[in-house]
Amino acid sequence: MTKFITYFNLCPIPEPKGFLGISPDKDEGNIITTLGKNIIIVIKISTQKQIRSWSVLEKLSSKVIYDKKSEKYVGVFGNKYLRCWDEKTTELNKCKKLKFHKYISQLISYGDDTLVLYVDGTCEPLAKAIESRKEEVNISTNQQLELSKKLTFTKASVYNSANGCRILTYFERNSINGDYHLVRLPLSAEGVVMEPPKRFKLARENLSVTVAGAAVIEGEGVPMLLTIWSDKRMFILNLGDEVCPERSPGSFVSLLTQLKVDCPLSVMGISKHFVAIYGANHGQEGGSLLLYNTQFKVIKTKQFFKVYFNYSQLWSVSDHIILAMGQNLSVVKYQVLKEVLSELLGTQVSNDYQTAIEIDHINEEDVMEECLQYSKDVQSHNEKEKEEKDLKIVEADGLTVPFMGAQEFDKELNALRQLHLHVDVIPDHRLDVPHINLMSNHNDEGFSCQELQLIAQQLERVGASEHEITEKLLTVLMKANLVEDIGVCLRRYTNISEKILSKTLNYILKKYTKEKSSKTNGTLEEPMEEDNENDSQEENAEDEELHLGILSKKPTSATPHNPSDLENILNTLLACSFDPETIAKCIRQDMEYKEVVLLLEHLYDMLTSEQQEYLEDRPTLYETSTDYELQLLRWFGVFLNSHFQKLALSKEVALIELLFKWHELFDSYKQEIVELQNVAALLYNIVERKTNLKEKSSSKWYSIEEVYLF
């Protein structure tokens, strides 16, 4: 999954327009911030502490970078001087200045190499540039100065292509005529330009639209150009070797309705299929930072801000997004794990910001644009369309003309049932046609509360993700004390966040402990009161319940639950997929020590019971086995890690006896593994025809007699 983990302010920015940018330092986790034209600070992101800093009298014209080959920091002064220094340098003004005949736009650091990009659009490696500067060349200083004032280069970066070549890309804006281009330069392994540059004009013919944001992102072996326009459309263009500049801006992919496109957007690619977008919220105050997935065309996660700033910049360093907005430099840490399609679907909201007429108009334009954007021969297209009309084919509409016959429908329905999908054929009395609902768990029987069933269906219909749906529903269900429907929700959805899974486990366990305590005449202690965080969550859940109208269905008195039913719901939760490291942190905050001990006992009983009630079969999100024993052992590892210190320091006799039982259980597993390893080796030799079997074998694992009997 992909998500934002933390957000914090790194340092203030004295002059936002004078902020030149950031670049990676020599040590991982550190960044070089060129806060102003005279201030350079190296900051460690994790601790937010200043490592070293320099101040200079002359003004810097671009951000400072660290060159790994020379192990020096390099800065450009006044577009025509370079200074190189190391970390031990204290007085930067005394460092030697290297004068260039060409004006330098900026320095580009990639891997262990550094490129020098000049104001005329040419580039060369840093070492070669320092040597070639000594050569006498006839270059007009006035012409160089004019170019530096007219042309602005931004977002220069180097990408590796599938064929091993390197591609330099940067955006060029002409301040005089307003032209906006993307320049693509192929480089050799040494950083030398191999071919003339290709210039892609960022404009759409015959349309008065402008670019709201643009960035080059990683693609499938070749970089891609992503552009967002003032009509909310997003385009992607593959920047391979065969691409022609006339293909700009590329293919239409989707509409960006979550942000205002009439306000400046900051766009930056952060990984293979993800791009970060910062802009103003649509229809409300503040701004948002979005992670957009270019593979599935959805917005994956969001970070909201109370205030939006027109001037903003984005950088990506390791697993951190650095956002300069206003007078603050902020850091958003993100995590990109294995992507699951069920996670990505529904993470963007519907087009609620347009009226029905606007939506239809936009959709019609999108269809036409998608069909005609690469058409070079309009006449042939019209002839083909005329031929199709002459065929006079009556299209199926599902009402008068069926899409498929009854036999084909039954065949597909049976195929879906064989995939263990819960299939409901629901008649629609308004249109007199059936609808089919497919759920991933065949144990899903629907919520007992009709209002909740309608809410869940509505959330699914508008495209909400399973993360969002389960967080809303489970929070309400716990507040409303609808235990049975909690089990329904756990069965209905596959992708449940570790945070809400931990809170649900804590809620079920408190119920289970209370039932067990009343059954044993109070031999166990009453469960402790929930912490302030849970109280705050309950208050938020109450507000949401009032909005959804669920409190009217809340039982007025405590409804007695069968302990076996609670145990079944607990086992349903234990069958859910989870990330061990993430859920261990949540359990450490949500659950008490005694509850963890009770769970360890429950897991042991499930593993050793002769009448085992196996966990429900359900889809898994991670590359792990869904085997009954392995799933329970993963939970054991989670509880052991989450409360290791308390378990290790405890001197309770009951806990020591329980842990000793677990120790004996693992010893038995270990012995079985050793025996199975021997059997596996023998089976391998048999398959390879290398086994020398004796006539009389005393081994109980294999013998000639047993082989002959089979």
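**Phe639 and its surroundings**

Tutor: Apart from its neighbours within four places in sequence, Phe639 is in contact with Leu505, Ile587, Val596, Leu599, Leu600, Leu603 and Leu647, where contact means heavy atoms within 4.5 Å. The model is a predicted one, in which local features need pLDDT of at least 70 and side-chain atom pairs count only at pLDDT 80 or more, while totals for chains, interfaces and linings use all residues. Residues are numbered from 1 along each chain as its sequence is written, and side-chain values use heavy atoms, with hydrogens and water left out.

Phe639 also belongs to the largest nonpolar core, which has 61 residues, and is among those with the most contacts inside it, together with Leu473, Ile486, Leu490, Leu505, Trp635 and Trp662. Such a core is a set of buried Ala, Val, Leu, Ile, Met, Phe, Trp, Tyr and Cys residues joined through side-chain atoms within 4.5 Å, and buried means under 20% relative accessible area with a 1.4 Å probe, protein chains only. Helix H14, residues 593-608, gives the most to this core, with 10 residues; helices are DSSP runs of H or I with at least four residues, numbered from the N terminus. In soluble globular proteins, nonpolar side chains tend to be buried together.

The axes of H14 and helix H15 (residues 628-642) come within 10 Å and cross at roughly 160°, the axes being lines fitted to C-alpha atoms over the stretch in contact, with angles from 0 to 180 degrees between N-to-C directions. H14 is therefore roughly antiparallel to H15, a label that applies to angles over 145 degrees. The contact is made by Val596, Leu599, Leu600, Leu603, Met606 and Leu607 of H14, and by Tyr628, Glu629, Leu632, Leu633, Trp635, Phe636 and Phe639 of H15. These residues divide into 12 nonpolar, no polar and 1 charged, where Ala, Val, Leu, Ile, Met, Phe, Trp, Tyr, Cys and Pro count as nonpolar, Asp, Glu, Lys and Arg as charged, and the others, Gly among them, as polar.

The axes of helix H7 (residues 450-461) and helix H8 (residues 466-480) come within 10 Å and cross at roughly 165°, so H7 is roughly antiparallel to H8. Here the contact is made by Leu452, Ile455, Ala456, Leu459 and Glu460 of H7 with Ile469, Lys472, Leu473 and Leu477 of H8, a group of 7 nonpolar, no polar and 2 charged residues.

Definitions and conventions
Buried < 20%, exposed > 50% of the residue type's maximum accessible area, 1.4 Å probe, protein only. Helix = DSSP H or I, 4+ residues; strand = E, 2+ residues; numbered from the N terminus. Parallel < 35°, antiparallel > 145°, perpendicular 65-115°, else oblique.
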